[in-house]
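Visitor: I would like to go through this model label by label. Please give me the value behind each term.

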Amino acid sequence: MRLSYRICSAVAIFVSVLATASAQTAVDSIWSARYVVTMDSARRVIENGAVAVAGDHIVDVGTRAAIDKAYRAPRRVDRPEAILAPGLINTHTHAAMSLFRGVADDLKLQQWLQKFIFPAEAKNVNRDFVEWGTRLALAEMALSGTTTYTDMYYFEDTVAQVTKQAGLRGVLGQTVIGFPAPDYKTPQASLVATEKFMQMYANDPLIVPAVAPHAIYTVPDDILKLCRALANRYQKPLVIHLDETKTEHDEALAKRKKTPTAALDALGVLSGWTVAAHAVWVTDADIAILRMHGTGLAHNPSSNMKLASGVAPVVKILRFGISMGLGTDGVAGSNNDHDMMEEMDLAAKLQKVSTGDPEALPAEQAFAMATITGARAAARQHHRLARKE
Ligand SMILES: [Zn+2]
């Protein structure tokens with residue numbers, strides 16, 4: 001009697017284990033942590049949370065108990081003292097410039113560019129330099145939590161190869177500029193190469209190829225228009241510096257009787273998928289133009305402070321519903337690292353001190369800029385997906 005009872009209960013336990021196993025969905029890995037920060041529409045922070053992953057997709061997020069009940073995986077990463085959060089998005093940088101770190105500090109942007117950086121690039125930048133400079137930058141980004149970045153530099157096909165090797169995601173802008181560059185001697189040659197680059201990475205899971213006219217003051221108007229046409233032809237982004245310094249702003253007003261934003265709008269350059277860096281001196285009318293075009297913006301507090309470019313009206317821009325992410329800018333003169341944690345800290349403090357309001361840009365909003373808002377700013381597809389939430 002006792003024996004048969006034991007057999008019966010053993011069978012019952014075995015059957016219930018089988019039932020649990022068959023009810024569980026197979027995934028590739030389960031990650032658990034003390035806190036899971038979702039950045040979903042409800043901004044859930046789940047204590048003792050877990051994430052189920054299959055292939056390159058997050059299948060489910062919930063409490064560890066719920067995920068363990070619903071899923072089984074051959075690989076587990078359990079970190080009971082850790083925070084599991086979305087990867088950080090660096091919306092503006094020039095990765096390979098990490099090899100120029102410390103070359104020229106404490107200078108005005110125009111002086112820094114014209115006297116130091118452009119000559120140093122002409123002398124040193126080749127495919128090898130870009131490969132190793134980018135590799136160094138990617139190691140630094142990955143170690144500080146960045147998984148996606150927007151780049152503007154030369155030899156972007158090499159940047160793409162290195163980015164794929166590192167397993168990061170990149171919106172990679174091939175630079176087009178109105179003087180002989182390290183990779184192509186004319187903007188027309190850059191455009192031809194950019195088109196090939198766009199064809200090469202048309203449907204890559206990690207790389208979004210882009211055209212990157214440097215700025216309104218370094219690229220002739222007819223070339224700016226060709227850049228826009230190329231980006232639209234391939235439905236890829238145009239990446240550009242915009243209204244970074246007072247000098248840029250005042251020169252545009254003097255020469256064109258328009259702000260840089262209004263001038264680009266008049267040329268049709270903003271009519272399409274665009275990621276614009278800085279927007280420090282934009283007016284209310286400019287912000288309305290940027291919102292109308294759905295332009296994504298990159299705020300670079302370290303760079304803006306170091307070069308004394310000014311303070312971007314971030315709180316106002318976000319209030320207008322524009323997607324503005326955070327960026328480190330290049331690691332030479334305009335910043336000295338790729339640390340997005342520092343950018344979050346500085347972005348919040350810069351808005352507080354410039355508006356006189358300690359409630360301006362609270363931590364949650366700064367973290368959103370570094371993650372979900374940055375993703376929307378850099379990639380329109382993300383923006384559309386996010387809007388469906
Ligand atoms: Zn830049």
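Visitor: What makes Asn124 count as buried, exposed or partly exposed?
Guide: This is a predicted model, so every value here is computed from predicted atoms. The relative accessibility of Asn124 is 36%. Buried means under 20% and exposed means over 50%, with partly exposed in between. Asn124 therefore counts as partly exposed.

Visitor: Where is Asn124, and what is it in contact with?
Guide: Asn124 is found in helix H3. Leaving aside neighbours within four places in sequence, its contacts are Phe100 and Phe129. Met324 is another matter: 200 residues separate it from Asn124 along the chain, and the two C-alpha atoms are 33 Å apart.

Visitor: Why is Trp132 called partly exposed?
Guide: Its relative accessible area is 47%. The cut-off for exposed is over 50%, and for buried under 20%. Trp132 has its place in helix H4. Its C-alpha atom is 7.2 Å from that of Ala96, 36 residues away along the chain.

Visitor: How do you know how H4 and H5 pack?
Guide: Two numbers describe a packed pair of helices: the angle between the axes and the distance between them. For H4 (residues 127-143) and H5 (residues 156-166), the angle is about 35° and the axes are 9 Å apart. The crossing of H4 past H5 is right-handed.

Visitor: Which residues make that contact, and how do they divide by class?
Guide: From H4 come Arg127, Val130, Glu131, Thr134, Arg135 and Leu138. From H5 come Asp157, Thr158, Val159, Val162, Thr163, Gln165 and Ala166. By class, the contact has 5 nonpolar, 4 polar and 4 charged residues.

Visitor: Which residues hold the zinc ion?
Guide: His92, His94 and His241 coordinate the zinc ion through NE2, and Asp329 through OD. The distances run from 2.1 to 2.3 Å. That is inside the 2.8 Å limit for a donor.

Visitor: Why is the zinc site called irregular?
Guide: The angles among its 4 donor atoms range from 87 to 173°. Four donors count as tetrahedral if all angles lie between 85 and 135 degrees.

Visitor: How are the zinc donors spaced in sequence?
Guide: The pattern is H-x1-H-x146-H-x87-D. His94 and His241 link distant parts of the chain, 147 residues apart. His94 sits in the loop between strand S7 (88-93) and helix H3 (109-124), and His241 in strand S11 (residues 238-242). Both of these histidines are buried.

Visitor: What stands out about phi at Asp106?
Guide: Most residues other than glycine have a negative phi. Asp106 is not a glycine, yet its phi is positive, at about 60°. Asp106 lies in the loop between S7 and H3. Its relative accessibility is 75%, and the cut-off for exposed is over 50%, so Asp106 counts as exposed.

Visitor: And what is phi at Ala279?
Guide: Ala279 has a positive phi near 50°, again in a residue other than glycine. It is found in the loop between strand S12 (274-278) and helix H10 (284-293). Ala279 has 0% relative accessibility, so it counts as buried.

Visitor: What makes Thr146 buried?
Guide: Its relative accessibility is 2%. The limit for buried is under 20%, so Thr146 qualifies. Thr146 lies in strand S8 (residues 146-153). Beyond four places in sequence, it is in contact with Leu88, Asn90, Met141, Leu168 and Met340.

Visitor: Why does Ala370 count as buried?
Guide: Its relative accessibility is 0%, so Ala370 is buried. Ala370 lies in helix H14 (residues 363-370). Not counting residues up to four places away, it touches Gly87, Leu88, Ile89, Leu326, Met340 and Met344.

Visitor: How many helices and strands are in the protein chain, and how much of it is buried?
Guide: There are 16 helices and 14 strands. Of the 389 residues, 51% are buried. The C-alpha trace spans about 100 × 45 × 40 Å along its principal axes.

Definitions and conventions. Residues numbered from 1 in each chain as written. Predicted model: local features only at pLDDT ≥ 70, side-chain atom pairs only at ≥ 80, totals over all residues. Heavy atoms only, no water. Axes fitted to C-alpha atoms, helices over the stretch in contact; angles between N-to-C directions. Helix = DSSP H or I, 4+ residues; strand = E, 2+ residues; numbered from the N terminus. Left-handed = near helix turned anticlockwise from the far one by under 90°. Contact = heavy atoms within 4.5 Å. Nonpolar A, V, L, I, M, F, W, Y, C, P; charged D, E, K, R; others polar. Donors = N, O, S within 2.8 Å, 3.2 Å for Na, K, Ca; no water. Tetrahedral: all angles 85-135°; square planar, octahedral: opposite > 155°, others 65-115°. Buried < 20%, exposed > 50% of the residue type's maximum accessible area, 1.4 Å probe, protein only.
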